[in-house]
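My notes follow the order in which I looked.

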Amino acid sequence: MTPWQPEGTVYGTLLNFSREWDLWSDRMTQDPHKAAPRAPVLYVKTANTWTACDGVIAVPSDVPEVEVGATLGVVMGAHGKAKAYVLLNDVSVPHTVAQQGFYRPPVKYKNLDGFLGVGAHAVNADVIGNPNALQLAVHINGVLQQTVDLSAMRRHATALIDEVNNFMTLRDNDVLMLGLDICTLGDHAGQRPLARVGDVIEISAPHAPALGVMRHTLVGAPALEMAA
């Protein structure tokens, strides 16, 4: 079976989990914005980032490690409604909100070639039911590194879709990622899990086995010489 790939635009959502919002809430009121974002803050994962399930993700040699961004993608249908869900890994070069800014698209960190792991298949929305009842499990080299509780989102899936559609139209086959959480325990507390070249990343939703297990291996690539 051919691995599933997006057909529309893939959008990510920043700061949609309560823990990360709380972590950066004090900075939101500082210059230059002086207020927290009122609407969902989006960015685009361009087509060059898409890596099919069981593929390899190339990491430049001057990027010592990458963030694993386990999330659920909503595949849009007609009339702005969800028609399916898919597991996604929003891979990123580690960075802080201070480096990125709240309204600045994080292209420099998130849009390297291959930096969106895509699940094996999209599953009909009726099969999944309430996406915010799910938890995602992140394993690196077979060891559980993070559990993402989708009930901890600031805007649950339906509200997020509605608010985005208030200022732009999500079209048929577009994909909207629900957001990324941070770890609360262990070596990665306060950030997302980190992985290096040679690691195997697996993301699943234990209570929604129809989504399958998304698996990718990190491999080395020539240096990108990213600017600070």
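The entries below go from the whole chain to single residues.

**Ground rules.** I am working on a predicted model, in which local features need pLDDT of at least 70, side-chain atom pairs count only at pLDDT 80 or more, and totals for chains, interfaces and linings use all residues. I number residues from 1 along each chain as its sequence is written, and side-chain values use heavy atoms, with hydrogens and water left out.

**Whole chain.** I looked up the secondary structure of the protein chain and found five helices and 15 strands. Helices (H or I, at least four residues) and strands (E, at least two) are DSSP runs, numbered from the N terminus. I noted spans of about 50 × 45 × 30 Å for the C-alpha trace along its principal axes.

I then checked burial: 51% of the 228 residues count as buried. Buried means under 20% relative accessible area, exposed over 50%, and partly exposed in between (1.4 Å probe, protein chains only). For contacts (heavy atoms within 4.5 Å), I took pairs at least 6 apart in sequence, and 76% of these join residues at least 24 apart.

**Strand β1.** I went to residues 10–14, which form β1, and found five of the five residues buried. Val10, Gly12 and Leu14 point one way, while Tyr11 and Thr13 point the other way. In a regular strand the side chains alternate between the two faces of the sheet.

Which strands pair with β1? I count a pair if DSSP finds at least two bridges between the strands. β1 runs parallel to β12 (residues 175–177), with two bridges joining them, and Val10 has Val175 as its bridge partner there. β1 also pairs with β2 (residues 41–44), antiparallel and over four bridges. In β2, Val44 is the bridge partner of Tyr11.

**Strand β14.** I followed residues 200–204, which are β14, and found an antiparallel pairing with β10 (residues 135–140) over four bridges. Glu202 of β14 is the bridge partner of His139. β14 also pairs with β15 (residues 213–221) in the antiparallel sense, over five bridges. Here Val200 stands opposite Thr217.

**Positive phi.** Most residues other than glycine have a negative phi, and most peptide bonds are trans. I noted two residues with a positive phi: Asn141, near 55°, and Asn173, near 80°. Asn141 sits in the loop between β10 and β11 (143–149), and Asn173 in the loop between α5 (157–167) and β12.

Are these two buried or exposed? Asn141 counts as partly exposed because its relative accessibility is 46%. Asn173 is buried, since its relative accessible area is 19%.

**Leu150.** I ended in the loop between β11 and α5, where Leu150 is found. Its relative accessible area is 0%, so Leu150 is buried. What does Leu150 touch, leaving aside its neighbours within four places in sequence? I listed Phe17, Leu72, Pro131, Asn132, Leu134 and His156. I also looked up Leu112, which is 38 residues from Leu150 in sequence and 26 Å away in space, C-alpha to C-alpha.
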